Amino acid sequence: MENNGGEFLMIAKNDIKDCKETDGKRFAIHGEAATTSLAVKLWLLNDCKVKPNIW
């Protein structure tokens with residue numbers, strides 16, 4: 001997400017201050033094979049080092 005910051009925007013509840021706070025929480029995506037879904041899954045795993053409950 002850092003390469004094209006203007007292209008992607010992560011929206012979260014006010015109580016989630018950074019990506020590490022998504023660990024174990026429900027995380028909705030558009031679809032398993034959508035390009036942005038794949039990008040965000042890799043970002044969460046590789047950059048944030050978390051594994052949210054993706055659905």
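Biologist: What makes a residue part of the lining of the largest pocket, and which ones lie nearest its centre?

Modeller: On a 1 Å grid over the protein atoms alone, a pocket is an open set of points with protein on both sides within 12 Å along at least five of seven lines, and a lining residue has an atom within 4 Å of a point. By that rule 25 residues line the largest pocket, with Met-10, Ile-11, Ala-12, Phe-27 and Ala-28 nearest its centre. Mind that this is a predicted model: local features need pLDDT of at least 70 and side-chain atom pairs 80 or more, while totals for chains, interfaces and linings use all residues. Residues are numbered from 1 along each chain as its sequence is written, and side-chain values use heavy atoms, leaving out hydrogens and water.

Biologist: What is the volume of the largest pocket?

Modeller: About 760 Å³, taken as the space filled by probe spheres set on the points, which are joined across faces, edges and corners.

Biologist: Which element supplies the largest share of the lining?

Modeller: H1, with 5 residues. Helices are DSSP runs of H or I with at least four residues, and strands are E runs of at least two, numbered from the N terminus. H1 spans 35–48 and strand E1 spans 26–27. The chain has 1 helix and 2 strands, in the order β-α-β.

Biologist: Why is Thr-22 called buried?

Modeller: Buried means under 20% relative accessible area, exposed over 50%, and partly exposed in between, using a 1.4 Å probe and protein chains only. Thr-22 has 9%, so it is buried. Thr-22 sits in the segment before E1. Leaving aside neighbours within four places in sequence, its contacts (heavy atoms within 4.5 Å) are Ile-16, Phe-27, Leu-44, Val-50 and Pro-52.

Biologist: What makes up the largest nonpolar core?

Modeller: A nonpolar core is a set of buried Ala, Val, Leu, Ile, Met, Phe, Trp, Tyr and Cys residues joined through side-chain atoms within 4.5 Å. Here that gives 7 residues: Phe-27, Ile-29, Val-40, Trp-43, Leu-44, Cys-48 and Val-50. H1 gives the largest share of this core, 4 residues. In soluble globular proteins, nonpolar side chains tend to be buried together.

Biologist: And Lys-49, is that buried or exposed?

Modeller: Exposed: its relative accessible area is 62%. Lys-49 lies in the loop between H1 and strand E2 (53–54). Although not a glycine, Lys-49 has a positive phi of about 60°.

Methods. 1 Å grid on protein atoms, 1.4 Å probe; cavity = no way out; pocket = protein on both sides within 12 Å on 5 of 7 lines; lining within 4 Å.
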